[in-house]
Amino acid sequence: MKQFASLLLTGLLLFGATAFADQPTTVLTEVRNAKGTVVQVPYLDGTNNETLAQSANRVLAEAAEDLAGKAGREGKVTFDVTLNRPSLVSVLLTAHRGGKTLYRAVNVDLTTGREFGLDAFFFDNEKRQAVVGNKPCSVLFTEQGIRTGDDFRTLVPYGKLVPSARIGDIGRLLTVWKVTENAGGKSLTVHRGDFLAMKLSANPTSGFQWVRTVSGPKDGLIGTGESFVLPHDAPQDTTGASSGTLIQFLGAMTPGTYQVRMSYQKPWDKMGGIRQFNYEVVVTE
């Protein structure tokens, strides 16, 4: 029995960080009394960086107490968790006093200990402005999209913001499905607002490149960028001269069924590629 316990402890020590890496953040409720107002303060616990967690908790507590001050005596402040990721948490604080209701959105990033907004994950470009306006008010991040307005009832689905996504950061917020050539002949079902990251072996100096063709509802499954990654053991003086991994990103904007055709070919070659595969993507609400 002792040997089993020892093995279990060793396993937890060795694999604990990996096993819990993708779990949601624990959000506790701390009840305070601020000048006659009962305040439920969200408190983040069990995170990997205690210092950053303390900073994030200060942000949450100050926001809750500030809202309590605006509500006045004999009021009450409650909260709802609207987004919970391993390093991102959003809450909607609500102050009640008689028939009066006030709201405050707080989005905290546990990698910085500070609040985050649209700029952290979406470029402030014309496409974003067309969706949320030039100067959006405070926004609340939720599982389905961002909410705006004084009462945060106006929902903007993430799918509408896909063209403005910061690819390097979006995986922390939205679901990214990894796809390889093994997807050939198969089907993948995703939700609107999800991303696909196609990981493809390629050599930029060979003259061959991956050509993608998508059929289905117009502008419903769109390319949002790509990057090329060399192997870790590639010599530093041969950058671009050896095979690596090309990652093409697709954003699911509109529900429907799409056929994705991939061909590794020279751009001017009309005879087809030396490697080809097709797969289906079904986008749901």
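Glu181 is partly exposed, with 31% of its relative accessible area open. That makes a handy way into this predicted model, since Glu181 forms a salt bridge with Arg275.

**Salt bridges across the chain**

- In the Glu181 and Arg275 pair, the closest N and O atoms are 2.5 Å apart.
- This pair links distant parts of the chain, 94 residues apart: Arg275 belongs to strand S17 (residues 275-284), while Glu181 sits in the loop between S10 and strand S11 (187-191).
- Arg275 counts as partly exposed too, at 25% relative accessibility.
- Glu285 and Arg192 make another salt bridge, with 3.2 Å between the closest N and O atoms.
- Here again distant parts of the chain are linked, this time 93 residues apart: Glu285 is in the segment after S17, and Arg192 is in the loop between S11 and strand S12 (195-202).
- Glu285 is exposed at 62% relative accessibility, whereas Arg192 is partly exposed at 30%.

**A salt bridge within a helix**

- Asp66 and Lys70 join their side chains in a salt bridge, at 3.6 Å from N to O.
- Both belong to helix H2 (residues 50-71), and because they are 4 residues apart there, about one helical turn separates them.
- Asp66 is partly exposed, at 37% relative accessibility, and Lys70 is exposed, at 52%.
- Over the whole structure, a search turns up 12 salt bridges.

**An open sheet**

- Four strands build an open sheet with mixed pairing, in the order S10-S12-S15-S14.
- At the edges are strand S10 (176-179) and strand S14 (221-229), each pairing on one side only.
- On average, neighbouring strands of this sheet are turned by 25° against each other, ignoring direction.
- S14 and strand S15 (residues 244-252) run antiparallel, joined by 8 bridges.
- Take Glu226 as an example: its bridge partner in S15 is Gln248.

**A buried serine**

- Ser164 lies in the loop between helix H4 (158-161) and helix H5 (167-170).
- With 1% relative accessibility, Ser164 counts as buried.
- The Ser164 side chain reaches the backbone nitrogen of Arg128, at 3.2 Å.
- Leaving aside residues up to four places away in sequence, Ser164 touches Phe121, Phe122, Phe123, Asn125, Lys127 and Arg128.

Methods: Residues numbered from 1 in each chain as written. Predicted model: local features only at pLDDT ≥ 70, side-chain atom pairs only at ≥ 80, totals over all residues. Heavy atoms only, no water. Pairing = 2+ DSSP bridges. Helix = DSSP H or I, 4+ residues; strand = E, 2+ residues; numbered from the N terminus. Axes fitted to C-alpha atoms, helices over the stretch in contact; angles between N-to-C directions. Buried < 20%, exposed > 50% of the residue type's maximum accessible area, 1.4 Å probe, protein only. Polar contact = N/O pair within 3.5 Å; in protein donor to acceptor, adjacent residues only side chain to side chain. Contact = heavy atoms within 4.5 Å. Salt bridge = Lys/Arg side-chain N within 4 Å of Asp/Glu carboxyl O.
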